[in-house]
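Visitor: I would like a close look at one part of this assembly: the place where two of its chains meet. Please take me through it in one connected account.

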Amino acid sequence: MIEMENVSKWYGDFRVLTDCTTKVAKGEVVVVCGPSGSGKSTLIKCVNGLEPVQQGRITVDGADVTAKGAKLTNLRSKIGMVFQHFELYPHMSVRDNLCLAQEKVLGRSRAEAEARTETLLTRVGMIDHISKYPGQLSGGQQQRVAIARALAMDPIAMLFDEPTSALDPEMIKEVLDVMVQLAREDGMTMMVVTHEMGFARKVADRVVFMDEGAIVEDRPTQDFYDDPSSERAKDFLSKILNH
Amino acid sequence: MNYNWNWSVLFEPEYFGWLISGLGWTISVALCAWVIALVVGSLVGVGRTLPNRLVSTLCTAYVELFRNIPLLVQMFIWYFAVPEMVPEEAGRWMKRDMPQPEFTTAVVALGLYTASRVAEQVRAGIETVPHGLKSAATAQGMSIAQVYRYVLLPISFRLIVPPMTSEFLTVFKNSSLALTIGLLELTAQSQQIAEYTFQSFEAYTAATVIYVLIALCATVIMSLLERQTRIPGYSGKEN
Amino acid sequence: MGDFDFGVIIQSLPFLWEGLQLSLLLTFLAIIGGLVLGTLLALARLSGIVPLALFAAGYVNLIRAVPLILVIFWFYFLVPLALGRPIGGFYSALIAFVMFEAAYYSEIMRAGIQSVARGQVHAGKATGLGYWQIQRFIVLPQAFRNMIPILVTQGIILFQDTSLVFVVSLRDLMTASSIVARTEGRLVEMYLFAALVYFVICFSGSLFVRRLQTRMAT
C-alpha cells in the first residue's frame, strides 16, 4: 500500500532523511519510533506530500507521490492524517469539521456527509458533542474528533503523527483505544509515529526504528522488543521502558 | 487671557447647519474609503501570503509604496497630478465632468492608502493562524484556494477584528485631510465657523466633541462585531 | 499628456531643501518632546494614583480620537492666546505635534513598561531603591530597549505627519513643493518629486527598523 524507496531529504544543507526504504502492506500497522530529531515526523509527512523529498520515491496504492506534477489533492483525500496538536478547525463546530472536506473535496451532499459524520462520532464516543466547538473540548476529546474527521474521508490508509504526545496522561488511553479498534476491527492500514510502546505491542505488525534521519531497524514487533539488533535501539528502549 | 465666550453661536441655524454638513461629508468619505480599503486591502494582504512570487512581490510593492508616502502628498497627486498624467480625454473628464471631484478624489486617495494598512493587518492575521491548521486542511486534500477560503481567511478575519477597529477609527480621522483639496468636511467647517465668528474655542470644541462621539460609536460597533464573530474557546495561540 | 519639465525640480532644490530641513527639525524635536511627555503619561497611567491615572488615560484617549489637523488648529489658536502674545508658527506647530504624538508614544511606552518582568521591580525594591530610581535605572532603560523598533516606526509616521503643517502654511517640504508647483505651474513634477523624497526617507527608515529587529532578536 505505502512504499518508500531510498527517500532522502534536505533542509538547505542539513540532511534530515537518509536513504529511507520501507513499506506498509495493506492492513498492516507499522509503528515508527526513535529519539527526537530522528526524522520520524518528517518521514510520515512525506507520505502524503506535505513535505517534499529531494531524492527517492514514495508510492501510495500505486500512485507516485514524489513524481513531478502528481495530483496531490486527489491522493491526499484518500489518506487520512492525524496530527500531534489535533488541528481541528477552531471556527467550526465538530459537525462542520467532519463535513467540510467531505462536501468540498469528495463532493458529497450535505445529507450524506452528516450521516457519515454521525456514524463516526458515535463510533469514537463523541456524538454528544457534535455541536460543540473544539475550544470547548479536552485534548483527548479533540483528538478523537480528529480521528473521526480523518475517517470521514473513507481513507485507504491512515497516518498518525505522535497522536498522543500532546495529551495529558489520563486522556491517552481513550485515544489509543480508538486506534486499537481501528487496527483490529477495521483492518485499517496504519503508519503511526509514537512513543507508546504498549500500543505498539498490542497492534503493530512491525516496528521501524529511526535515528538521525535513517532507518536503523525494521522488524516484526516482537523481535524488535525482545532482541533489538542495534546499540542505539537498545539504548532508546532502555530509556523509555523504564517509566 | 482675553477672550469672549459665546457658546450659543454653535446653535445658530447657519453654523449648526455647517457642522452637520461637515459631519455628513466626513462620514461619507470615511465609509466609502473604508469599503475600498477593505476590498483592495484584503486582496493585497492575501496576495502577500501566496506562494506565487510575482503576485506576492507586486502586493508587497503596493504596500510599501502607499505606506511610505504621506497621505497628504498622495491626495495632492490624485487631485492635481493624475489628471495631467492620464490621456487628454480622461484628464479633461476628471477636471470638468467628474461629479464631486473633491469627494471622489478624497475617497480614492484615502481608500487606497488605508488599503495598504488593511493589507498588513490581513497578512499578519493569516500568518498568525497556526501552521498546523494549514497542514490539516492540505492533508485532507483541499486545494490552496479551498484552504484559504474555508480555514485561513475565516480564522484570520476573526482574529484581526480588534486591530481593525483602530484602522476604522483612523479612516475617520484621516478624512480630515480632504479639507486640503477643498472638501468642506467637519474640521474644515469648524475652521470656517472660527473664522466667521472668532469663537474659535467653541468651534473647535464642537468638532472635538463630534469626533469623540464618532470614536465611541465606532468602538461600540466594532466590539459588537467582535463579540458576534468570536470563536468559542480560541484565542489564536497554539494549543 | 502635457509636456513635463523636470528641470524645475533642479532649480528649486535649494528651496525644497530648506523645507526638508524644517520637516526634519520638527520631526526630531517632536520625537524627543513626545517621547518624554509620553513616558511621563505612561508612568502616570501605570501609577497607583487614581486621579493621575484617570487624567492621563483621559488625555491619551481624547487625543487619539481626534485628527491631527484639528489638533494643529487648536494649538495655533490656543498657544498665542495662552501666552498673551503672538508666537511663531513653528513653535505652535511644534507644541501641537509634541502634545499629539505624546499620546501615541505613551501607549508604546506603556506596553514597553509592562513588558519588563515584574521580578525586575521586585529586585530593585528588595535592595531598597525608591520608585524613581527603579524607573530610571531598571524599568525605563529596558522598556525603551524593548520598544526601539516600534518607537522608530512611530518616528517615521511622525515625519509623514509633519506634512500636515501645510494647513497652517508652515514651510516644510510639502508646503515648499506646493508653492513651487503653483508658482511655476508644475504640479505633476513637484508633487511626484515630493512623493519620491518622502518615499526614499521613509522606506530607508523602515528597512533600518527591520535590520534593528533582526539584530535585536539574536
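Guide: A caution before the details: this is a predicted model. Polar contacts between chain C and chain B come to five residue pairs, with both residues of each pair at pLDDT 80 or more.

Four helices of chain C each supply at least two residues of the side that touches chain B: helix 2 (50–65), helix 3 (68–83), helix 7 (173–184) and helix 8 (187–217). Helix 8 of chain C gives the largest share of that side, with eleven residues. Sorted by class, the side of chain C that touches chain B has 28 nonpolar residues, five polar ones and two charged ones.

As for extent, 35 residues from chain C and 36 residues from chain B take part in the contact. Together, chain C and chain B bury about 3300 Å² between them, and carbon and sulfur atoms give 77% of that area.

Aromatic rings deserve a separate look. Over all chains, the count by this rule is 28 aromatic pairs. One of them joins B:Trp7 and B:Phe201: the ring centres are 6.3 Å apart and the planes stand at 85°, over the 60 degrees that the class requires, so the pair is edge-to-face. This pair links distant parts of the chain, with B:Trp7 in the segment before helix 1 (13–49) of chain B and B:Phe201 in helix 10 (residues 200–229) of chain B, 194 residues apart. B:Trp7 has a relative accessible area of 38% and is partly exposed. B:Phe201 also counts as partly exposed, at 21% relative accessibility.

A second pair lies within chain C. The ring centres of C:Phe199 and C:Phe203 are 5.3 Å apart and the planes are at 10°, under the 30 degrees set for stacking, so this pair is stacked. C:Phe199 and C:Phe203 are four residues apart in helix 8 of chain C, and therefore about one helical turn separates them. C:Phe199 is partly exposed at 21% relative accessibility, and C:Phe203 is partly exposed with a relative accessible area of 26%.

Rings from chain B and chain C also come together in a cluster: ring pairs link B:Trp5, B:Trp7, B:Phe201 and B:Tyr204 with C:Phe73, C:Trp74 and C:Phe77. The edge-to-face pair of B:Trp7 and B:Phe201 therefore has both of its residues in this cluster.

For reference, chain B also touches chain A, where 26 residues of chain A are in contact with 22 residues of chain B. About 2100 Å² is buried between chain A and chain B, 64% of it on carbon and sulfur atoms. A:Tyr89, A:Pro90 and A:His91 supply 28% of the area that chain A buries against chain B, more than any other three residues. The count between chain A and chain B is zero salt bridges, while six residue pairs are in polar contact, both residues at pLDDT 80 or more. By class, the side of chain A that touches chain B has 14 nonpolar, eight polar and four charged residues.

Definitions and conventions. Residues are numbered from 1 along each chain as its sequence is written. Chains are lettered from A and ligands numbered from 1 in the order in which they are written. This is a predicted model: local features need pLDDT of at least 70, side-chain atom pairs count only at pLDDT 80 or more; totals for chains, interfaces and linings use all residues. Side-chain values use heavy atoms; hydrogens and water are left out. Contact means heavy atoms within 4.5 Å. Buried area is the accessible area (1.4 Å probe) that two parts lose on being put together, summed over both. A polar contact is a pair of N or O atoms within 3.5 Å; within protein, one must be able to donate a hydrogen and the other to accept it, and residues adjacent in sequence count only if both atoms are side-chain atoms. Ala, Val, Leu, Ile, Met, Phe, Trp, Tyr, Cys and Pro count as nonpolar, Asp, Glu, Lys and Arg as charged, and the others, Gly among them, as polar. Rings of Phe, Tyr and Trp (its six-membered ring) pair if their centres lie within 6.5 Å; planes under 30 degrees apart count as stacked, over 60 as edge-to-face and the rest as tilted. Buried means under 20% relative accessible area, exposed over 50%, partly exposed in between (1.4 Å probe, protein chains only). A salt bridge is a side-chain nitrogen of Lys or Arg within 4 Å of a carboxyl oxygen of Asp or Glu.
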